[in-house]
Amino acid sequence: MFLRRQPEGFVSGEEISRQLAVSRTAVWKHIQSLKADGYQINAHPHLGYQLLAVPDVLYPEEIRSDLGTGWLGTRICHYEKVDSTNRVARELAEAGAAEGTVVIAEVQENGKGRLGRYWVSPRGGVWLSLVLCPPVAPVEAPCITLLSAVAVVKAVRQVTGLAAGIKWPNDVLVNGKKVCGILTEMKSELDAINYLIAGIGVNVNLTAGDFPEELQHPATSLMLELGREVSRVNLVQELLRQFEELYGQLMQEGFTRIRNQWKELSVTLNREVKVTFLKEAYRGQAVDIDADGALLVQSADGQLKRFCAGDVTLRDGLP
Ligand code: BTN
């Protein structure tokens, strides 16, 4: 935004109208509409305008400012309230939305979690979905879910300094509690993906009261762990940058490099785990993820079992 780039304070209406090649009246009207959007702007009769505060809203203009990505976030669709950003993104993809379209909502009324669960999505979080058209076979789609988790962890570490880690397949934990979940959905033919929606939910500035008591796994927010609010705009920007970088690596070099980064950031590997799949529980040590992103668990008698899906509980102390 033009006012943001004037750190010394005031910028005259004349200067803005000259720089943007619009009339003084148009500048005034724009300032009024920014104020209506929650921007605090001081208007001085002689000195001009001064930006005092920006609202905590994920406006596309704020996210795009200094974003620096190539294709991801070229189109950002922002909503105050939707049922689920994944549902909206699917609808846009069906209507031909380009790869890299981002759907963001301040609130989700029917946020969708993995395994048919409900995802609590009040104000203060980052609830977004990415429209992707990866030129890979449908069986390779899990790689993109793992990639998403790597992108979130890197962004959280970069923006907050918190030691976030990944619990297989794609939960992001801080201090053993969940701060982010990822739900990937796709439409595909037998051998090609039409589109894939990577839905990412990060509990950024949620308070303890935002979380229902009956949660299956303990959850937290970045704010609760850090002791201060986190800029959601900064987090979304960093997430989009990291995602685009990793997606480029996946397209050019295949899954190996993403897999190695996932392993480095994992809090699942080399731990005793319980994996629940189709109501059956299996216990053992998580030893690796394979080339398809499946989790390999070794039981006490040495047997190795491979999981493509499931719910993991970490058994040695932390959830
Ligand atoms: C999980 O169960 O861990 C996955 C949660 C995924 C939540 C995100 S929030 C944005 C996107 N829209 C949804 O409805 N779900 C995903």
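**Ground rules.** I number residues from 1 along each chain as its sequence is written, and side-chain values use heavy atoms, with hydrogens and water left out. Because the model is predicted, local features need pLDDT of at least 70 and side-chain atom pairs count only at pLDDT 80 or more, while totals for chains, interfaces and linings use all residues.

**Ligand.** I looked up which residues come nearest to the ligand, out of the 19 around it, and got S84, Q108, K112, R114 and K178. Being near here takes a heavy atom within 4 Å.

Next I checked polar contacts (pairs of N or O atoms within 3.5 Å). T85 puts a polar side-chain atom 3.0 Å from a ligand nitrogen atom. K112 uses its backbone: an N or O atom there is 2.7 Å from a ligand oxygen atom. For R114, a polar backbone atom is 2.6 Å from an oxygen atom of the ligand.

I also looked at cover: on its own the ligand has 410 Å² of accessible area, and the protein covers 99% of that. The areas come from the Shrake-Rupley method with a 1.4 Å probe.

**Helices α7 and α8.** I found α7 at residues 232–253 and α8 at residues 256–265, packed at about 135° with axes 8 Å apart. Helices here are DSSP runs (H or I, at least four residues), and strands are E runs of at least two. The pair is therefore oblique, since angles under 35 degrees count as roughly parallel, over 145 as roughly antiparallel, 65 to 115 as roughly perpendicular and the rest as oblique.

In the contact (heavy atoms within 4.5 Å), α7 supplies L246, Q249, L250 and E253, and α8 supplies R257, I258 and Q261. I sorted these residues into three nonpolar, two polar and two charged.

**Backbone.** Most residues other than glycine have a negative phi, and most peptide bonds are trans. I found a cis peptide bond between W168 and P169, with omega about 0°. P169 sits in the loop between β6 and β7. N270 has a positive phi of about 65° without being a glycine, and N270 lies in the loop between α8 and β10.

Technical notes: Axes fitted to C-alpha atoms, helices over the stretch in contact; angles between N-to-C directions. Nonpolar A, V, L, I, M, F, W, Y, C, P; charged D, E, K, R; others polar. Polar contact = N/O pair within 3.5 Å; in protein donor to acceptor, adjacent residues only side chain to side chain.
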